[in-house]
Amino acid sequence: MFRCFAVLTFVLCGNFIVFADQPEPGKWTSLFNGKDLTGWTPKIRYQETGVDPYNTFRVEDGLLKVRYDQYDEFNQTFGHLFYQDDFSNYRFRVEYRFVGEQCKGGPGWALRNSGVMIHGERPEQMTKDQDFPTSIEVQLLGGDGTHDRTTSNLCTPGTNVFYQNKLFLPHCTKSSSKTYHGEQWVTAEIEVRGNKVVKHILDGDVVLEYQQPQLDPRDAHAKELSEKAGGLMLSGGSISLQSESHPIDFRRVEIMVLED
């Protein structure tokens, strides 16, 4: 069941936040108040839900930050920050930038790597040692200053999609985006229409599109979720932001709920 919610929007000017009245339906709404993590719950691998012993997810200077300065080493402790409500039909956008150096012990593929997880399970459904929630990942990637590297890619932890008119089983696929090098701010948007279609959008252009997000019966945990849900198809679910060992800032986290 997808819950209704009432929050305040803001107008962003630099790093200062000016709150406005609750928006009308179909208007952008902030899920991040710029002050604290109200409405959000962390789930760090090997920790109980809600426990973030190294202050991975924090708010500083009006930014939602992912940091590793209190880690001795990463040790595969992937984390996710879950919003309190589930959604089905919506547009979602984040404005992000990669900063600094990767945490010691982070995997090579996780350099300048993060993501937005959509159509996900709730954090309470995850096992204590689970690395990623069963979900659809909109992968956020930064360039290394030299090589081409697309962003807003697709990865599918415990899931599959229909892509180019067939069931797509590989774990990840690239978008058609350009490369974003350095510490520049990037705005990534996702349009989600339940089980019908998901679009990844950058600079106003659709860089990846697919249909029928669904649980993968080859994955034991996903199979268990599908049995409880009574089917494989995903029409909605949680939204979470990822920690994969490279520092990242978010200065805008917004949603526009759409009609079914």
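Student: Which residue in β19 does Arg-93 stand opposite?
Tutor: In this predicted model, β8 and strand β19 (residues 248-257) are antiparallel partners joined over nine bridges. Within that pairing, the residue of β19 facing Arg-93 is Glu-254.

Student: In β15, what is the bridge partner of Arg-91?
Tutor: β8 also runs antiparallel to strand β15 (residues 186-193), with eight bridges between them. The partner of Arg-91 in β15 is Glu-191.

Student: Is strand β8 largely enclosed or largely open, and how many of its residues are buried?
Tutor: Buried here means under 20% relative accessible area. Strand β8 spans residues 89-98 and is largely enclosed by the rest of the structure, because the buried residues among its 10 number eight.

Student: Which strands stand at the edges of the open sheet of seven strands?
Tutor: The order in this sheet is β4-β7-β18-β9-β10-β11-β14, and the pairing is antiparallel. An edge strand has a single partner, so one side of it is left without a neighbour in the sheet. The strands in that position are β4 (40-44) and β14 (172-173).

Student: Which residue in β11 is the bridge partner of Gln-139?
Tutor: Strand β10 (residues 136-141) pairs with strand β11 (residues 153-155) in the antiparallel sense, over three bridges. The partner of Gln-139 in β11 is Asn-153.

Student: Which element gives the largest share of the lining of the second largest pocket?
Tutor: This pocket has a volume of about 300 Å³ and is lined by 18 residues. The elements giving two or more residues to the lining are β9 (113-120) and α1 (220-229). The largest share is three residues, and it comes from α1.

Technical notes: Residues are numbered from 1 along each chain as its sequence is written. This is a predicted model: local features need pLDDT of at least 70, side-chain atom pairs count only at pLDDT 80 or more; totals for chains, interfaces and linings use all residues. Side-chain values use heavy atoms; hydrogens and water are left out. Buried means under 20% relative accessible area, exposed over 50%, partly exposed in between (1.4 Å probe, protein chains only). Helices (H or I, at least four residues) and strands (E, at least two) are DSSP runs, numbered from the N terminus. Two strands pair if DSSP finds at least two bridges between them. On a 1 Å grid over the protein atoms alone, a cavity is a set of points where a 1.4 Å probe fits but cannot get out, and a pocket is an open set with protein on both sides within 12 Å along at least five of seven lines; lining residues have an atom within 4 Å of a point. Grid points are joined across faces, edges and corners, and a volume is the space filled by probe spheres set on the points.
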